[in-house]
Amino acid sequence: MGVLRVDPAKGLRGEVRVPADKSLTHRAILLAAVSDRAVRVGRPLDSADTAATLGAIEACGATVDGDLGDELRIEGVGLRGLRPAPAIDCANAGTLMRLLTGLLVGQEGDRIVLDGDESLRERPMGRIAAPLRAMGASIWTAPGGTPPIVVSGGGPLRGVAHELPVASAQVKSCLLLAGLFAEGVTTVREPGASRDHTERLLRAAGVQLIEVDGGVAVSGPVAGLTLPDVEVPGDPSSAAPLAVAAALRADPEVRLVGVNLNPGRIGLFRVMERMGVPIRIEPASDVAGEPCGDVVVGRADRLECTDVAAPEVPSMIDELPLVGLLAAFAIGTTRVRGAAELRVKETDRITAAVDSLRALGVQAQEREDGFEVTGAPRLVGGDVASRGDHRMAMLGAVAGLASTEGVRITGFEAVEVSYPGFARDLGALGAVGR
């Protein structure tokens with residue numbers, strides 16, 4: 001489905017069980033591969049990114065039975081038991097490339113090449129390569145610190161205190177995984193809190209982590225880990241476009257079922273409430289060590305502008321372009337700052353979001369570390385290009401149902417990266433696409 005046109009919707013209602021958490025699926029598969037036991041991963045996300053992670057652990061010698069989207073049984077090879085192939089294809093999965101590199105520096109293997117598609121080859125990997133070298137790892141990147149990455153593992157590693165200039169769950173996770181093999185304490189501090197899925201899973205697997213001021217630490221080398229079976233909850237980043245769609249067009253409300261409510265992942269819901277969106281969060285039981293429940297979103301009668309500052313950004317980094325779309329309907333000017341990390345995602349999401357909104361007639365301005373959007377009574381519609389970015393494709397679709405004339409999205413197949421059934425689920429709520 002290369003091109004999708006989404007027509008205006010009068011009202012959305014119903015409920016959707018959102019796809020499984022992509023971040024947790026990546027991490028559960030990787031840690032299951034190095035566990036001391038066979039691990040069942042229930043409801044792992046079936047997407048292009050997670051398929052790349054599954055293929056990567058098989059290329060490293062792990063045995064897998066089952067299917068993404070249903071359940072997997074992964075026969076762990078132990079913390080030091082990976083035997084990687086000479087080349088591993090990470091496709092478009094930056095999480096896979098960064099976290100797997102953290103594991104491979106502790107394995108036996110000479111000149112293991114991790115590469116990916118054109119988009120991944122533009123992602124910054126110097127931010128993991130430099131601190132890993134400080135730990136004693138043998139690692140190389142292309143000029144400029146981009147992929148491919150070449151790792152020679154098995155050498156001695158030492159614990160180092162890392163101060164990250166930008167909060168990043170992927171970089172933090174990579175360094176903590178490398179710290180499992182290092183002699184001494186590996187400490188990672190960040191300027192703000194980022195997602196803590198890796199820490200939760202490591203603790204569940206029996207690894208003792210140390211809370212430090214502004215970060216977390218692990219004392220190594222660790223003998224091994226025993227990951228329990230994992231049931232993957234719904235992804236709040238996949239729930240986000242549906243929540244924004246509901247805020248703009250619900251009649252009277254939309255229920256998103258089984259969403260991961262990790263405090264580090266629900267920043268968008270807090271901002272939506274601040275802007276005037278009626279949201280009700282109904283917690284249920286924990287899943288995979290993560291709080292989980294339903295999110296019920298009603299239509300906003302009136303949206304107010306807001307400011308999103310740097311401390312809030314890590315809890316909603318993937319959802320910030322959707323804040324721009326909400327702001328297009330809000331009274332006043334909404335400002336997002338401290339979000340320079342958006343420039344090094346699948347595409348430059350600051351430029352992509354601003355260009356997309358402008359193409360639809362929205363008054364939007366790009367800033368070095370964010371953007372500004374001034375609201376108007378209506379959004380007419382037009383054409384949006386995904387630029388190969390799943391988040392931009394979904395942004396265009398939600399804009400279409402809230403527009404007056406519809407939106408045509410080119411490159412809509414980019415949604416396969418995280419949410420292959422997105423158009424279907426929108427349609428189940430009452431949206432019309434063709």
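Modeller: Let's start with arginine 111, which is found in strand 7 (residues 109–115). Strands are DSSP runs of E with at least two residues, helices are runs of H or I with at least four, and both are numbered from the N terminus. Residue numbers start from 1 along each chain as its sequence is written, and side-chain values use heavy atoms, with hydrogens and water left out. This is a predicted model, where local features need pLDDT of at least 70 and side-chain atom pairs count only at pLDDT 80 or more, while totals for chains, interfaces and linings use all residues.

Biologist: Where are the cis peptide bonds, and how do you know?

Modeller: From omega. One joins proline 147 and proline 148, with omega about 5°, and proline 148 is in strand 9 (residues 146–153). Another runs from glycine 220 to proline 221, with omega near 0°; proline 221 is in the loop between strand 13 (215–220) and strand 14 (230–231).

Biologist: Back to alanine 91: why is it called partly exposed?

Modeller: Buried means under 20% relative accessible area, exposed means over 50%, and partly exposed is in between, using a 1.4 Å probe and protein chains only. Alanine 91 has 25%, so it is partly exposed.

Biologist: Which residues does alanine 91 touch?

Modeller: A contact needs heavy atoms within 4.5 Å. Leaving out residues up to four places away in sequence, alanine 91 touches Ala52, Asp115, Gly116, Asp117 and Leu120.

Biologist: Why does lysine 22 count as buried?

Modeller: Its relative accessibility is 11%, which is under the buried limit, so lysine 22 is buried. Lysine 22 lies in helix 1 (residues 22–33), and its contacts include Leu45, Asp49, Asp235 and His390.

Biologist: What makes helix 10 (residues 349–359) "largely enclosed"?

Modeller: Eight of its eleven residues are buried, so the rest of the structure largely encloses helix 10. Among those buried are Arg349, Ile350, Val354 and Leu357. The cover includes helix 9, strand 20 (363–367) and helix 11 (390–402).

Biologist: And how many residues of helix 9 (residues 320–327) are buried?

Modeller: Eight of eight, which is how helix 9 gets called mostly covered. Leu320, Pro321 and Leu322 are among them.

Biologist: How do you know that arginine 302 and glutamate 304 form a salt bridge?

Modeller: A salt bridge needs a side-chain nitrogen of Lys or Arg within 4 Å of a carboxyl oxygen of Asp or Glu. The closest N and O atoms of arginine 302 and glutamate 304 are 2.5 Å apart, so the pair qualifies. Arginine 343 and aspartate 348 pass too, at 2.8 Å. The structure holds 36 salt bridges, and a network of them links Arg195, Asp318, Lys345, Glu346, Arg349, Asp389 and Arg391.

Biologist: What about arginine 424 and aspartate 425: is each buried or exposed?

Modeller: They are a salt bridge with closest N and O atoms 3.1 Å apart. Arginine 424 has 58% relative accessibility and counts as exposed, whereas aspartate 425 has 9% and counts as buried.

Biologist: Last one: why is the patch formed by Asp46, Asp67, Asp70, Glu413 and Glu416 called negative?

Modeller: Asp and Glu count as negative and Lys and Arg as positive, while His and the chain ends are not counted, so this patch on the surface is negative. Patch members have over 30% relative accessible area and no salt bridge; like charges are joined within 9 Å, and nonpolar side chains (Val, Leu, Ile, Met, Phe, Trp, Tyr) within 5 Å. A charge is placed at NZ of Lys, CZ of Arg, CG of Asp or CD of Glu. The areas come from the Shrake-Rupley method with a 1.4 Å probe, and for residues only the protein chains shown count as cover.

Biologist: Why is aspartate 70 called exposed?

Modeller: Its relative accessible area is 51%, which is over the exposed limit, so aspartate 70 is exposed. Aspartate 70 is in the loop between strand 4 (63–67) and strand 5 (71–75).
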